[in-house]
Amino acid sequence: MPKSRDTFIAACDAKLRLVRTEADLTQQDMAFALGLSKKTLVDIEKGRRTLGWSGAVTMCAVFPTSDILTATFGDTPLNMIPALAAEEKPIPQGVSAGNPWWDKVADNGDFIIEQNTISQHYRLLTSKRVKIAAAFDIDDLLPLFHGQTKEN
């Protein structure tokens with residue numbers, strides 16, 4: 001696991017193309033997802049530029065379940081970003097009295113749908129609170145919520 005931002009950024013730079021391939025995205029789609037121009041993405045993939053701190057954090061946030069990133073860092077990279085963000089003093093995480101940012105919309109015992117109180121987007125969680133998917137339209141999550149897959 002990287003112990004410095006520079007090591008973290010270098011690892012993200014090195015895995016960018018693999019994460020894009022894993023997600024089955026074109027360079028244009030990956031650039032859009034990360035908020036980059038296609039030219040910048042190509043330069044990063046060729047080793048001529050770097051994602052930088054913000055870009056590396058963005059990649060990990062947009063692809064939190066990437067097997068490539070998990071294998072690279074030994075865990076979901078989102079778990080170590082707060083430690084890397086605070087090199088000398090830990091940053092407090094979470095709110096102790098529940099989470100005021102999410103309202104439960106539906107719960108069928110297996111899955112939970114919550115809506116963010118600020119952005120109004122939805123997230124689908126397992127009953128053990130593992131994030132499965134997110135969308136701005138709840139209808140996009142309902143097939144998963146009802147246990148339907150592409151094969152069903």
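The legends below describe several close-up views of one predicted protein model. Residue numbers start from 1 along each chain as its sequence is written, and side-chain values rest on heavy atoms, with hydrogens and water left out. In this predicted model, local features need pLDDT of at least 70 and side-chain atom pairs count only at pLDDT 80 or more, whereas totals for chains, interfaces and linings use all residues.

**View 1. The elements of the protein.** The protein contains seven helices and four strands. Helices (H or I, at least four residues) and strands (E, at least two) are DSSP runs, numbered from the N terminus. Read from the N terminus, the order of the elements is α-α-α-α-α-α-β-β-β-β-α. Of the 152 residues in the protein, 32% are buried. Here buried means under 20% relative accessible area, exposed means over 50%, and partly exposed lies in between, with a 1.4 Å probe and protein chains only.

**View 2. The four-stranded sheet.** The four strands form an open sheet in the order β1-β2-β3-β4, with antiparallel pairing. The edge strands, β1 and β4, each pair on one side only. Neighbouring strands of this sheet are turned against each other by 25 degrees on average, direction ignored. Such angles are taken between axes, which are lines fitted to C-alpha atoms (for helices over the stretch in contact), and run from 0 to 180 degrees between N-to-C directions. Two strands count as paired if DSSP finds at least two bridges between them. In general, strands of a sheet pair through backbone hydrogen bonds, either parallel or antiparallel.

**View 3. Strand β2 and its two partners.** Strand β1 (residues 102-107) pairs with strand β2 (residues 111-116) in the antiparallel sense over five bridges. Within this pair, Asp103 stands opposite Gln115 of β2. The hairpin of β1 and β2 has three residues between the strands, and Gly109 there takes a positive phi near 95 degrees. Five bridges also join β2 to strand β3 (residues 122-126), and these two run antiparallel. Leu125 in β3 is the bridge partner of Ile112.

**View 4. The hairpin of β3 and β4.** Strands β3 and β4 pair in the antiparallel sense over four bridges. Tyr122 has Ala135 of β4 as its bridge partner. Four residues lie between the strands of this hairpin. Arg129, in the loop between β3 and β4, has a positive phi near 70 degrees, in a residue other than glycine. At 43% relative accessibility, Arg129 counts as partly exposed.

**View 5. The nonpolar cores.** The largest nonpolar core has 21 residues, of which Phe8, Cys12, Met30, Leu34 and Met59 touch the most other members. A nonpolar core is a set of buried Ala, Val, Leu, Ile, Met, Phe, Trp, Tyr and Cys residues joined through side-chain atoms within 4.5 Å. The largest share, six residues, is that of α1. A second, separate core of six residues includes Ile113, Ala135, Leu141 and Phe145. In soluble globular proteins, nonpolar side chains tend to be buried together.

View 6. Asp24 lies in the loop between α1 and α2. The phi of Asp24 is near 60 degrees, a positive value in a residue other than glycine. With a relative accessible area of 70%, Asp24 is exposed. Met80, in the loop between α5 and α6, is buried, with a relative accessible area of 5%. Met80 and Phe8 are 72 residues apart in sequence, and their C-alpha atoms are 9.7 Å apart in space.

**View 7. The largest pocket.** The space in the largest pocket is about 480 Å³. On a 1 Å grid over the protein atoms alone, a cavity is a set of points where a 1.4 Å probe fits but cannot get out, whereas a pocket is an open set with protein on both sides within 12 Å along at least five of seven lines; lining residues have an atom within 4 Å of a point. Grid points are joined across faces, edges and corners, and a volume is the space filled by probe spheres set on the points. The largest pocket is lined by 14 residues, with Ala61, Pro64, Thr65, Leu78 and Lys131 the closest to its centre. Strand β4 (residues 131-135) gives the most to this lining, with four residues.

**View 8. The second largest pocket.** The volume of the second largest pocket is about 190 Å³. Among its lining residues are Val19, Glu22, Ala23, Val62 and Phe63.
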